[in-house]
Amino acid sequence: MSKFTNKNIWVFIETDGGKAKSVGLELLNPGRMLADKAKEELVAVVLGKDNTEAVGQVQQYGADRIISVEGEEYEKYSFDAYTYAMAELVEKYQPSAILIGATNNGRDFGPRLSCRLKTGLTADCTSLDYEELSGNIAWTRPAFGGNLMAVIMCPDTRPQIGTVRPGVFKKTLVEKEDAQVVKEEIKVPADRIRTRLIESVREAAAGAVNLEDAEVIVAGGRGMGGAEGFRLLEDLAQALGGAVGASRAAVDAGWIGHAHQVGQTGKTVGPKLYIACGISGAIQHLAGMSGSDCIVAVNKDPEAPIFKAADYGIAGNLFEVLPVLAKEIRRLKES
Amino acid sequence: MMNILVCVKQVPDTTEIKIDPVKHTLIREGVPSIVNPFDACALEMAVRLKEKEGGKVTVATMGPAQAKNALKECLSVGADQAFLVTDRAFGGSDTLATSYILSRAVKAIEAKTGETFDVIFCGKQAIDGDTAQVGPEMAEHMDLPHVTLATGLELEGRKMRVVRDTDEGHDIVEVELPALVTVTKTPFDPRYPSIKSKMAANRAVITEITNSDPDMVCDPECLGLHGSPTKVKKTFTPNQSKDGVIITGEAGADAAMKLAAMLNDAKII
């Protein structure tokens, strides 16, 4: 038996223009696992100006209950409004755990909230488990640039809070649309909001690359030799209906934009197929893609660490391999 | 005139860390200690702000005596004075306890210098822990507003406009001072020290702030391992050996045909 009376697993649903961000829906998946093991409810908490659409999305992914807080002050993220509302809700409902997507806003909000509640926060988790005896969540996260994994627990305070990287878990549609929606009115005093959003700029490059949702990613590293090399990857990605990713080395060299970067300082991805071309497989890169279902490596160095992570691989000249591979895949797909 | 504080951390250069292949532990011997790169960006932003507005840049770090080297590095690239926050009682602190201690140290520095800070900068995260928590948590302990992930800023009187990285692009966020700002990779690089500035930094006196310092008022329940709600249960190195099928020693075109056939047979494509 847990020594706490706190109950239920909460998932924070971040909204953007009224829609739930993907990571919140992804987190309902491990949230369900934790709630089932704890024999507790899975509760989604939505903050926004008009949550109709986001609540509808959440209902498709299997929360037992949805707490919806609507107000002008929640339309755009501010740490003050979000922390104020969430702290009120925690005070009222006393949840056992809160999962937050490790977006830029989530990682701004998480520490502010956990510090106000004087409880523990584990950042950027890549896997979660539940210890039934204590009710503690085992939060696993990378440290030292992905060289080391640490399992963290928060045994003496509740709620236990963690942020989880987008792309680590997959969204799972659940046929359960009867989630009870609870509307809460929380008005944040105007003088408690101390930041003002002047302008919000969407950069096409950042929005156009949706690596987290891609089923196939063809990624390139230093071995691509230059920006021209990435055309081969684009062709192969097109043949597979996938997206183009990159290692940090290729991004730092200026061959492709940062929005394409996979790894510890880029995105975490988990596609069905990940093809790593000319990527040596530094631990920082592996940290962002080792959750892929199938990993294929093409590299001229047979000793490259990427081959250890690969299900299939070719040790050879990628400039010879890639055009033939793209052509053959097109032929196989058409037949 | 701006009174600016920059909080820095001395970290191992994680790009130089290797894994012991037998023991599966980190090899930290011989790994150089550096000023956390995001903190170096924060310091550069602070020094540029001082150069424009006038004022003073103070740096502070929490750590063992050896962390003085990081402070000296900061003094050689534009910081004016440095404080080392150090005590055995602070060891083993997680981010909540660390941010608490640093927030108390800010008050102690303000008491010693008789001046309050207008803005506190931190790097967005340290490259060893990668939590990005200490900055916003410090702000919460001090009831200050914060803006994370800054790449640039402009000052208009007591208001600061901060360019903040978002997942979709960037925001411009306005905040009234005093405030805490965390800094990510900036479009400009941190400056290099000169031989003269290095020598001056080496001679500089670094003030130590311990738990028994009369200006340092801490709740003993909130320090160190004891005051840390999160506990590290275990650590392990990621296992990477999958024993996949690797085609070697074949012409590129032949290997590509084989690979396509294997992926097709396994219904992966």
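Leaving aside its neighbours within four places in sequence, with which residues is B:Val6 in contact? In this predicted model, the contacts of B:Val6 beyond those neighbours are with B:Ala42, B:Leu43, B:Ala46, B:Val57, B:Val59, B:Ala79 and B:Phe121. B:Val6 also belongs to the largest nonpolar core, which holds 70 residues, and it is named with B:Leu43, B:Cys74 and B:Phe121 among those that touch the most other members. Apart from this core lies another, of 61 residues, whose members include A:Trp10, A:Leu121 and A:Met153 as well as B:Ala132.

The two chains meet through 68 residues of chain A, which are in contact with 67 residues of chain B. On the side of chain A that touches chain B, the residues divide by class into 37 nonpolar, 15 polar and 16 charged.

Within chain A, the domain assignment gives domain 1 as residues 9-192 and domain 2 as residues 204-334. The centres of the two domains of chain A, taken over C-alpha atoms, are separated by 31 Å. Contact between them involves 10 residues of domain 1 and 12 residues of domain 2, and the side of domain 1 that touches domain 2 consists of three nonpolar, five polar and two charged residues.

Strand S11 of chain A, residues 160-164, is mostly covered, with five of its five residues buried. A:Gln160, A:Gly162 and A:Val164 point one way from this strand, whereas A:Ile161 and A:Thr163 point the other way, and all are buried. S11(A) pairs in the parallel sense with strand S6 of chain A, residues 97-101, over five bridges, and in this pairing A:Ile100 has A:Thr163 as its bridge partner. A parallel pairing over three bridges is likewise found between S11(A) and strand S7 of chain A, residues 121-125, where A:Thr122 stands opposite A:Gly162.

A further strand of chain A, S4, spans residues 42-48 and contains A:Ala44. A:Ala44 counts as buried because 31 other C-beta atoms lie within 10 Å, where 20 or more are required. When neighbours within four places in sequence are left aside, A:Ala44 is in contact with A:Val11, A:Ile13, A:Leu28, A:Val58, A:Ala63 and A:Ile66. By contrast, the C-alpha atoms of A:Ala44 and A:Arg107, which are 63 residues apart along the chain, are separated by 18 Å.

Helix H6 of chain A comprises 12 residues, 229-240, and reaches 18 Å from its first C-alpha to its last, close to the 16 Å expected at 1.5 Å a residue. The buried residues of H6(A) are A:Gly229, A:Phe230, A:Leu232, A:Leu233, A:Leu236, A:Ala237, A:Ala239 and A:Leu240. The elements of chain A that cover these buried residues include strands S14 (216-220), S15 (243-246) and S16 (273-277), together with helix H10 (318-334). After H6(A) comes A:Gly241, which has a positive phi, near 65°.

Key. Residues are numbered from 1 along each chain as its sequence is written. Chains are lettered from A and ligands numbered from 1 in the order in which they are written. This is a predicted model: local features need pLDDT of at least 70, side-chain atom pairs count only at pLDDT 80 or more; totals for chains, interfaces and linings use all residues. Two residues are in contact if their C-beta atoms, placed from the backbone, lie within 7 Å. Ala, Val, Leu, Ile, Met, Phe, Trp, Tyr, Cys and Pro count as nonpolar, Asp, Glu, Lys and Arg as charged, and the others, Gly among them, as polar. Helices (H or I, at least four residues) and strands (E, at least two) are DSSP runs, numbered from the N terminus. The expected span of a helix is 1.5 Å times one less than its number of residues. A residue is buried if 20 or more other C-beta atoms lie within 10 Å of its own, exposed if 12 or fewer, and partly exposed in between; C-beta atoms are placed from the backbone. Domain bounds come from an automatic or database domain assignment. A nonpolar core is a set of buried Ala, Val, Leu, Ile, Met, Phe, Trp, Tyr and Cys residues joined through C-beta atoms within 7 Å. Two strands pair if DSSP finds at least two bridges between them.
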